[in-house]
Amino acid sequence: TLSTEESYSVFSGYLDQSDQESFIVLANDVPTVKRLLDIPKAQSLVPHDVEWMWGTRDEPSQGRMIRRLYLAKKKVELKGDCLVSATPGYDQYHAPQVSFQLTKDCGVKFSRITGPNVGKPLAIILDGQVESSPRINDRIGDRGVITMGGGATFENANDMSIVLQAGALPAPVKIVENSVVGPSLGQDSINRGFASAILGLVLVALIMAVYYRLSGLVSDIALIFNLFVLLSIMSMLKATLTVPGIAGIILLVGMSVDAAVLIFERIRDELTTGKTVRAAIDAGFARAAVSIIDSNISTLIVAGVLYALGTGPVKGFAVTLSLGIMVSLFSSLIVTRSIFEFRKSYAKLSI
């Protein structure tokens with residue numbers, strides 16, 4: 001165990017000459033210094049009205065990472081509830097600063113405090129750590145300015161204003177409950193979503209095959225092609241399959257079937273007018289294509305808005321939906337049309 005004299009030599013070697021009220025400790029030495037400060041004999045040498053306080057973070061200094069150590073008074077002169085506002089900005093030399101305002105009563109008290117202490121640092125403390133220690137340059141009333149110093153940026157001033165406002169909260173923030181959701185719950189949701197997608201796909205395929213007969217089987221082939229291509233693209237992009245993503249896949253199933261229904265019904269209408277199979281197929285695809293493209297582009301615009309304004313799961317849904325729309329368009333207008341090209345030579349069309 002190091003003696004009190006040895007611990008004092010550690011501090012004297014790291015005294016910050018620009019700020020006599022703080023010490024500089026190398027970041028790697030912080031645990032050792034904390035242990036030294038806990039020695040009863042070292043604590044007995046500290047006056048009863050002051051206490052050691054660490055800075056909130058490590059900071060670079062001459063190529064080293066250091067942590068500041070302050071000897072601050074225990075008495076709190078002003079609390080956070082005195083603060084009315086704290087706003088980051090720039091001074092006349094375009095240096096970052098924080099303008100603050102106190103209540104009238106606290107302003108009078110602050111004036112009595114800062115007047116006799118001009119030239120001394122003022123500790124800004126949050127959660128038992130010193131966030132900053134600006135020097136008092138003049139008597140300050142209910143309005144004042146904190147100059148951030150050389151090398152500081154506007155982000156530093158903004159962070160300082162946030163710290164001041166956080167200290168002005170009427171009550172401390174307490175953790176009432178802290179829970180972690182394990183991967184099993186998320187995996188269970190994905191499994192259920194995937195099962196519902198498979199069930200929906202099977203039911204839709206059966207209904208299409210029964211209602212549209214052989215043409216329904218063609219739409220089922222196109223639907224399976226859609227899912228295969230969509231999952232392949234997602235795999236190439238290394239996209240993670242989430243519950244919102246599965247929802248997008250399920251929506252793709254409905255959109256693909258919707259396009260097939262439009263095409264088949266148009267072909268049926270053309271056949272009832274007495275046209276040949278070849279003419280009915282050409283007219284059906286030509287007239288249904290306009291409605292299919294219009295509805296899919298409208299949905300694609302909505303997906304773009306969701307991606308631009310949404311976050312997290314919403315963006316995942318938008319990405320899956322966008323890819324599904326493009327794959328569905330290609331499948332219904334190219335793949336399905338290619339299959340029906342072989343059926344133009346039929347005398348009758350099973351639809």
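**Close-up views of a predicted model**

**View 1. A hairpin is formed by strand 5 and strand 6.** Between strand 5 and strand 6, which together form this hairpin, there are five residues, and in the turn His 94 has a positive phi of about 65 degrees. The model shown here and in the views that follow is a predicted one. Strand 5 covers residues 83–90 and strand 6 covers residues 96–102, and the two pair in the antiparallel sense over seven bridges. Within this pairing, Tyr 90 stands opposite Pro 96, a residue of strand 6.

**View 2. Cys 82 and Cys 106 are joined in a disulfide.** The sulfur atoms of Cys 82 and Cys 106 lie 2.1 Å apart, and the count of disulfides comes to one. The link between Cys 82 and Cys 106 is left-handed, with -55 degrees about the S-S bond. Because Cys 82 lies in the loop between strand 4 (64–73) and strand 5, while Cys 106 lies in helix 4 (residues 104–114), the pair ties together parts that are 24 residues apart in sequence.

View 3. Of the 351 residues in the protein, 35% are buried, and the accessible surface comes to about 21,100 Å², with 61% of it belonging to carbon and sulfur atoms.

Methods:
Residues are numbered from 1 along each chain as its sequence is written. This is a predicted model: local features need pLDDT of at least 70, side-chain atom pairs count only at pLDDT 80 or more; totals for chains, interfaces and linings use all residues. Side-chain values use heavy atoms; hydrogens and water are left out. Buried means under 20% relative accessible area, exposed over 50%, partly exposed in between (1.4 Å probe, protein chains only). Accessible areas come from the Shrake-Rupley method with a 1.4 Å probe; for residues, only the protein chains shown count as cover. Two strands pair if DSSP finds at least two bridges between them. Helices (H or I, at least four residues) and strands (E, at least two) are DSSP runs, numbered from the N terminus. A disulfide is a pair of cysteine sulfur atoms within 2.5 Å.
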